[in-house]
Amino acid sequence: ENVLGDKFHTQVKIIDNPFLEHQDSPELAQPENHSDSEKEEFRKRFSLIQMAQNNARLSLRERVLSEKIRNQRYGLRQIQKFLGLAEPPEMIECYDISNIQGTDAVGCGVTLKNGIPYKAGYRRYKITTKNTPDDPAMIYEVISRRMRAFKEKTAQIPDLIVIDGGITQLNAALRARTENQVSVKIVVLAKKEEILTMKHGKTIS
């Protein structure tokens, strides 16, 4: 029984066939001694091969994207579980302080939407209250400004805020949250030690 069917087309040369010698372009495989009907047959075969290639690319892209989304969703569910959130965090904001020996300090904010970097949510805050190294005070300034935006409803409150640092940075951020009476989960992450710290000093490593 012929399970392959009467015809199949390939992009690689498996027999000595002039139609398969040049497949990058249909114009290259049309010697003068080929009839118009033969040239037309080649064009049809070439189109079928190109269509199969495109379909294969699309199928592979969909599979890769689907797997990536599944991994992201799993990661978000793990965050939900570890932090005791009601739902997986669809919108996460992350903040860090950058400076040159304590001068020219800026607060940097990065947003993740469904686990994917969301560039429209990126922001920078020029530090105005301190000109000497003081990460907790700078975090307090940045988070206070962000909380005011939430309070004034000029920005959407995320599901989670992650801050680079330790317990002092967390306390500064929680103070800014309390002063502005905004309800949002805040944790800090010590990147080198990979320790996550939550309210009341509870840690996850």
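Which residues are buried in H3? They are Gln169, Leu170, Ala172, Ala173, Leu174, Ala176, Arg177 and Asn180, where buried means under 20% relative accessible area, exposed over 50% and partly exposed in between (1.4 Å probe, protein chains only). Please keep in mind that this is a predicted model, in which local features need pLDDT of at least 70, side-chain atom pairs count only at pLDDT 80 or more, and totals for chains, interfaces and linings use all residues. Residues are numbered from 1 along each chain as its sequence is written, and side-chain values use heavy atoms, with hydrogens and water left out.

**Helix H3 and its cover**

- H3 spans residues 167-180 and has 14 residues; helices (H or I, at least four residues) and strands (E, at least two) are DSSP runs, numbered from the N terminus.
- From first C-alpha to last, H3 reaches 20 Å, close to the 20 Å expected at 1.5 Å a residue (the expected span is 1.5 Å times one less than the number of residues).
- The cover over the buried residues of H3 includes H2, strand S5 (160-164), strand S6 (186-190) and strand S7 (195-197).
- On the H2 side, Ser144 sits in the helix of residues 135-151 and is buried, with a relative accessible area of 5%.
- Leaving aside residues up to four places away in sequence, Ser144 touches Ala176 and Asn180, a contact being heavy atoms within 4.5 Å.

- Just after H3 comes Gln181, with a positive phi of about 55°.
- Gln181 lies in the loop between H3 and S6 and counts as exposed at 69% relative accessibility.
- Lys153, also not a glycine, has a positive phi of about 60°.
- Lys153 belongs to the loop between H2 and S5 and is exposed, with a relative accessible area of 75%.

**The largest pocket**

- The largest pocket holds about 210 Å³ of space; grid points are joined across faces, edges and corners, and the volume is the space filled by probe spheres set on the points.
- A pocket here is an open set of points on a 1 Å grid over the protein atoms alone, where a 1.4 Å probe fits, with protein on both sides within 12 Å along at least five of seven lines; lining residues have an atom within 4 Å of a point.
- Its lining has 13 residues, and Ile79, Leu83, Leu160, Val162 and Leu196 lie nearest the centre.
- Helix H1 (36-83), strand S1 (91-100), S5 and S6 each give two or more residues to this lining, with the largest share, four residues, coming from H1.
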